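Hi everyone, thanks for making time for this. I'd like to walk you through a few side-chain and helix arrangements, so let's bring up the model.

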Amino acid sequence: MDVRISDQFVPPRFKTYDGTTDPEAHIKSFTNAMAFRTGCDAIWCQAFSLSLEGEALEWFNSLPNGSVENFKSLSGMFNEQFAACRVQDVTLVDLMNLKQGKDEPLKVFMDRFTKTIRRVRGLSLEMTLQYVMPALRPGPFKESVCRTPPKTLEELRQRATDEARVEEMKQNYRREIQEAKDRDKGKREGQSHRPDTSKGREGPRGPRFPQYTPLNAPRAQILQKALSTQVMRTPQKCLTPPGADSSKHCLYHQNMGHDTEDCMTLKDRIEELIQAGHLKHYIWTNQHETSPARHPCPPESSPKNLSQARRRTFKGYENRSDRRNDRPPYQQGQTGRTRSPERRNRDRSRSRSRSQALGNGRPLRGVINTIFGGFAGGGASSSARKRSIHHLRSIYAVEVPRRTMPPITFSNEDFHAPEPEQDDPTVITVEIVRYGVSKVLVDQGSSVNILYWKTLRQMDISDVLIVLYDEQLVGFVGERVDTKGYLDLWTRLGTGREGEEKRIRYLLVVANTSYNVLLGRPCLNSFGTIVSTPHLAMKYPTSRGTICTIRADQKVAQECYAAGLKMYPREMRRRTGGADVVMADLDPRTNTEDRLEPLGETQPVIVGKDLTQVTTIARGLEEEVEKKLRATLWRNRDLFAWTAADMPGIHPSIMSHRLSLFREARPIAQKKRKMGEEKRKAVREEVRKLQVAGFVREITYTTWLANVVMVKKASGQWLMCTDYTDLNKACPKDSYPLPSIDVLVDGASGHRILSFLDAYSGYNQIPMHGPDRDKTTFMADQANFCYEVMPFGLKNAGATYQ
């Protein structure tokens, strides 16, 4: 294309294109720059090469002569050549799949979210604010947005900026604390062991401490425990020196040359931790040399219970030395003397009793800061409770040995609450499977012990141990709560070791409460506990003949009570097996429990050829009004439908339900779910009704396929539901405004008569759009069927019906 360009023409400065970015964006940038200089199409073609470089310029120079007619053809060839670099349009599906990462800062996510919504075409403000909620990671900011939704994007950005500033401040604070801890630990590690650079290994040196604490376990075991609980930092691996003894291995230095028990560095490190207050449960104490005058033995430390406690704690560590040898079990040598079997058995039993006495020092594995039902009253079922009542009647006719307990009294010394005038609940701390659980409510009116699900999740207890239990719990106003099973767990009342441990059965309940555990009558009766609410204390006898006292925490009780008043009960939603909307019965007259009934007396009126085809009107109307009403009903008797075949439906030219799917949506065929014989029989009967009514037809080779779910109503009838979950996800929401009840009431004011017409299967009178019928396909027992009319369960069916 030849053209004469004036010498006074100065081309604008272009942003050069090298063939790696979006070609359409470059064309727009070039045309905007040239539009201010000249409108000549030939000059545009000549100046286009000035905006290219690299691969793009080579392509322009390789164009044959005469191949460019105008700038439109040139831009077309340019876009076709570099189409692979074109930026793909962001759709609504991409915005729906946008999620904040687990460790992604809020500021980075909001920048990514803002860039995405700018690239979605035709996105309204309401949809933008709607999709930001599911994209956020669970946390304080998402809760704030859920509690007070933003009205504008500017408000959302401002709130996100404030939250990001707070989040960054918290991260900097945590980083500073971690750096300070690392510096302190580095100093302590440097003081505890200084490597000998000249030899490359730990050389022989004297002990750092004049005396070391006796231990009751090997140092290798103590090392593993300290590393697992992060009391001790993982040491660096040391190289094995040349000529070292390969038969000895040190777990601390992870090299050869010496044993773990002989490692002086590990010995000094363990002693430092013990003096710092850690690893106290590994300290060996000689009970036989303890003087009763200096260390009085508590009344509950009887030999029997002490032996049991020791047996539970250290099963695999027994002191096999002679009783006269008072040295710690892991710091004494072998005597080399052979003993007789009798002597060996006697020493083994004595050493077992000594090692079992250390059970009271066993560490906790963690700390976890008016109901009827359950197994009380004779059993978990109604028949078991009836048998218990009959058995109780027979007990009164004979003499049975009575239960005996030592006398338990409460004196003025048992008053301990800071506020004597109180009506606080009894809230204590218990030990459950070696977990210290606080905020435990003692409820003498409850017939069951409850372990709340949130508390169980914090314990290291396998779900395999949960036993299924289907009975519900009944509250004092009749509300019913589902249970998730029960567990039998070892429980000790209080925080001290003087109490006894018993196996208690807990029901698992999911509830929104400020307490962790609720102890009812079964647990209190098992321990023989007497509760005194004025003293905020409880006492129970032990097997040793002593009385154990548990004091309630008044401060925690008031905090739980105040927190409980601010909580709302957990909303229980009935599960329908995955179905979105339940489909009503074909014949609504059989579903009488869900139908509205008129107030006052009514009388039948025949409106058909058959005597059974009647409707009802109010009794006691004025004679003239009743006469006109009967005449009106008879003239319009053809409007009444007595069977599904009597409904002519709405002509498709007037109204039909269309499915609007996303352009990127792909058909989904669900896997067939298994059903029992009773459910399959109900499905066949419902499908037969739909076929007779002309609502469904059999179909083959379909792309969309949904399951049916049968739900049993309280009346015992089966309700067939269609799972249109996948189809509804592929359709945008039609936010059609539904009529307000106030408008309906105002429209009826001023009239003498208000009549109610029961629409007979109103949804099924609207036909489905022809091309969309195969998308409503559902699988029955023997074949697949699609709807000819609008079914229940579709997302926008309500908007079409209105």
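Let's begin with two helices, α10 and α11, which are oblique to each other. Keep in mind that what you see is a predicted model. Two packed helices are described by the angle between their axes and the distance between those axes. Here, the axes of α10 (residues 219-228) and α11 (residues 264-275) come within 11 Å and cross at roughly 55°. Which residues make the contact? On the α10 side, look for Arg219, Ile222 and Leu223, and on the α11 side for Leu266, Lys267 and Ile270.

Now for the aromatic rings. The count comes to 16 aromatic pairs. One of them is Phe48 with Phe78, an edge-to-face pair with 5.3 Å from centre to centre and 85° between the planes. This pair links distant parts of the chain: Phe48 is in the loop between α2 (41-47) and α3 (55-61), while Phe78 is in helix α4 (residues 71-81), 30 residues apart.

Last, let's look at charges over rings. Lys484 lies over the face of Trp453, 4.7 Å from the ring centre. Lys539 has its charged end over the ring of Phe410, at 4.9 Å from the centre.

Terms used
Residues numbered from 1 in each chain as written. Predicted model: local features only at pLDDT ≥ 70, side-chain atom pairs only at ≥ 80, totals over all residues. Heavy atoms only, no water. Phe/Tyr/Trp six-rings, centres within 6.5 Å; stacked < 30°, edge-to-face > 60°. Helix = DSSP H or I, 4+ residues; strand = E, 2+ residues; numbered from the N terminus. Lys NZ or Arg CZ within 6 Å of the ring centre and 35° of its normal. Axes fitted to C-alpha atoms, helices over the stretch in contact; angles between N-to-C directions. Parallel < 35°, antiparallel > 145°, perpendicular 65-115°, else oblique. Contact = heavy atoms within 4.5 Å.
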